[in-house]
Amino acid sequence: MLRSWECHNGLQTSVGYVIGTYGSPAYIDLQLALHKGKWGHDVLVSDDGSQDPGLVQVCSKWNVPLVGNRDQRLGHQVGDLAVYKRGLQYFKDKDWLVKLSRRFVWTQDMQDTIQQHDRLCWKPCLSSWWIAKPSLKGQALTTSCIAFNKGAMPE
């Protein structure tokens, strides 16, 4: 009901996108061509200390902030947590935070779908574990693409 009232009064839900990577400027260039160039999303790139100068150039080309490029490498789990933390800190004013892996490329803009979602989490992709081993359903969490409704999160 609140969402309906907001839409009726012209209020849009705001969404911030954080792309996690370790170097890989070609992947980031493709992601930014879509999210920033084609769809006009508000994007942050979070690097896991790759110190890749190509990544700096790509982010500069698309006028997108790059964080973590000069930091020490954190690795898979701690590095993923750093992406969430950086995204939450950077997009303090946004209603939704979408975390994307550098290799999870959208074929269409899903922002309207996210804005209409009224739950804590929106997760459009299935874990490969579920496909390979259905008995593990619910036990694997992929973070290739996941969105969090910050307004539904407790302080």
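The model is predicted: local features need pLDDT of at least 70, side-chain atom pairs count only at pLDDT 80 or more, and totals for chains, interfaces and linings use all residues. Residues are numbered from 1 along each chain as its sequence is written, and side-chain values use heavy atoms, with hydrogens and water left out.

A pair of aromatic rings is described by the distance of the centres and the angle of the planes. Rings of Phe, Tyr and Trp (its six-membered ring) pair if their centres lie within 6.5 Å; planes under 30 degrees apart count as stacked, over 60 as edge-to-face and the rest as tilted. The count by this rule is three aromatic pairs. For Tyr-17 and Trp-106, the ring centres are 5.8 Å apart and the planes stand at 80 degrees, so this pair is edge-to-face. Tyr-17 belongs to strand E1 (residues 15-21) and Trp-106 to the loop between strand E4 (96-101) and helix H5 (111-116), so the pair ties together parts 89 residues apart in sequence. Helices (H or I, at least four residues) and strands (E, at least two) are DSSP runs, numbered from the N terminus.

The rings of Trp-39 and Trp-106 have centres 6.4 Å apart and planes at 45 degrees, so this pair is tilted. Trp-39 sits in the loop between helix H2 (25-38) and strand E2 (42-47), and Trp-106 in the loop between E4 and H5, so parts 67 residues apart in sequence are tied together. Trp-39 and Trp-106 are both buried. Tyr-17, Trp-39 and Trp-106 form one aromatic cluster.

Strand E1 is mostly covered, with seven of its seven residues buried. Val-15, Tyr-17, Ile-19 and Thr-21 point one way from E1; Gly-16, Val-18 and Gly-20 point the other way. E1 pairs with E4 in the parallel sense over six bridges (two strands pair if DSSP finds at least two bridges between them). Gly-20 has Ser-101 as its bridge partner in E4. E1 and E2 also pair in the parallel sense, over six bridges. There, Gly-16 has Asp-42 of E2 as its bridge partner. The chain crosses from E1 through H2 to E2 in a right-handed β-α-β crossover (with the strands pointing away from the viewer, the path from the first strand over the helix to the second runs clockwise).

Overall, the chain has six helices and six strands. Of its 155 residues, 42% count as buried.

Definitions and conventions. Buried means under 20% relative accessible area, exposed over 50%, partly exposed in between (1.4 Å probe, protein chains only).
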